Amino acid sequence: MRWSRSLGLGLVLLLAACTGTQEPQVPALLALGGGAEVRFIKASSLQQRNPEVVATWETPGLLDLAYAPGRLFLLFSDRVEAYDTGGFSEASVPQSLAATQALPSCTKGYLRLGENRLLIACPDLPEAYTWPLTGGELARVNLTGLGPSARLALGPGDRLAYATPSALGHRNLDGSDPKEKGVSTALPPKDLVHDRDSGGLWALYGGTFESRLFRLDRDLNLSDQGFQNPYTALALGRSALVALGRGFQVMNAQGNPIGEPQSPAIPYQAGLVAPDGYLYLAQEGALETWDLLSTPLLRTSTVPLTGFSPKAVAFIPVQ
């Protein structure tokens, strides 16, 4: 029997209401990507407030990273690389390049994972490509009608999901069969994620002083809510949806806020809702770990990252 995320979260929160996350931790690494390096930290060491850096890769010009089972993808302005993670452990991170694909100038690019494909978005061109997660050739995505301000992701069935200044929806990669709804906001799109459990899309629109979250469900029903905080990114996991930027807000599977906005003075650059029940938030020079299963929400550690400013975070289970 497969739980929905809302039912699973409700039961887990009930069981963990006072004690927080007490489950035995799955061996895992946290990969933090910045402009010139990727640092791999033993995940359990963060909860123990004793961070253990397992390895550091030099990656000049790194734009983004993403993890799919068996592969770690790194994006640069002129290429995308895939590394085999089969040999990763809590003690060793071999840098085993499995495949690489050349790109045109993709200086503002980002990655989004789908079910079977990786999306490489290059809004400065604008262009986008997909790459099979198991390897193969890049395929160009038809972006007709979508301007450079659109935020892209892979939606249901690896269709192209998009959030534009006027619409939220998804369509086939060749541009056919659009399913969309118009959005009413003067705020520009900032981020877009696909909820595989529900089949819906979450789109974040934001400005200098406020932000707005739209939800397009499987039946194309559109709902939204506003925040008096300038959030710029979304982090989605089985245990929560989090809007982050200047501070952060934790929400349940329906997008309802859980508790009050947190740390409104801190500018967060990247976030990850991990399978271990923790929220990892990166800011310039520091990484915070929050226990999502505690009531109230509990920050378990703040780790200094001297001279390092992560822009992307990935959770990698290992042997």
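Is Lys-179 buried, partly exposed or exposed? Lys-179 counts as partly exposed, at 33% relative accessibility. This is a predicted model.

**Salt bridges**
- The count of salt bridges comes to eleven.
- Lys-179 pairs with Asp-177 in one of them, at 3.5 Å from N to O; Asp-177 is partly exposed as well, at 38% relative accessibility.
- Asp-78 and Arg-79 form a salt bridge at 2.9 Å, N to O, and together with Glu-81 they are linked in a network.
- Asp-78 is partly exposed, with a relative accessible area of 41%, and Arg-79 counts as partly exposed at 25%.
- Glu-37 and Arg-39 are joined by a salt bridge whose closest N and O atoms are 2.6 Å apart.
- Arg-39 counts as buried because its relative accessibility of 16% falls under the 20% limit.

**Nonpolar cores**
- The largest nonpolar core has 20 residues, and among those touching the most other members are Val-38, Phe-40, Trp-57 and Ile-316.
- Strands S1 (28–33), S2 (37–42), S3 (53–58), S4 (64–68), S5 (71–76) and S26 (312–317) each supply at least two residues of this core.
- Beyond its neighbours within four places in sequence, Phe-40 is in contact with residues including Leu-29, Val-53, Trp-57, Leu-72, Phe-88 and Ile-316.
- A second, separate core holds 18 residues, including Leu-32, Ile-41, Leu-46 and Phe-308.

**Thr-164**
- Thr-164 sits in the loop between strand S13 (160–163) and strand S14 (167–171).
- Thr-164 is buried, with a relative accessible area of 10%.
- Leaving aside neighbours within four places in sequence, Thr-164 contacts Leu-146, Ala-150, Val-183, Pro-189 and Tyr-205.

Methods:
Residues numbered from 1 in each chain as written. Predicted model: local features only at pLDDT ≥ 70, side-chain atom pairs only at ≥ 80, totals over all residues. Heavy atoms only, no water. Core = buried A, V, L, I, M, F, W, Y, C linked by side-chain atoms within 4.5 Å. Buried < 20%, exposed > 50% of the residue type's maximum accessible area, 1.4 Å probe, protein only. Helix = DSSP H or I, 4+ residues; strand = E, 2+ residues; numbered from the N terminus. Contact = heavy atoms within 4.5 Å. Salt bridge = Lys/Arg side-chain N within 4 Å of Asp/Glu carboxyl O.
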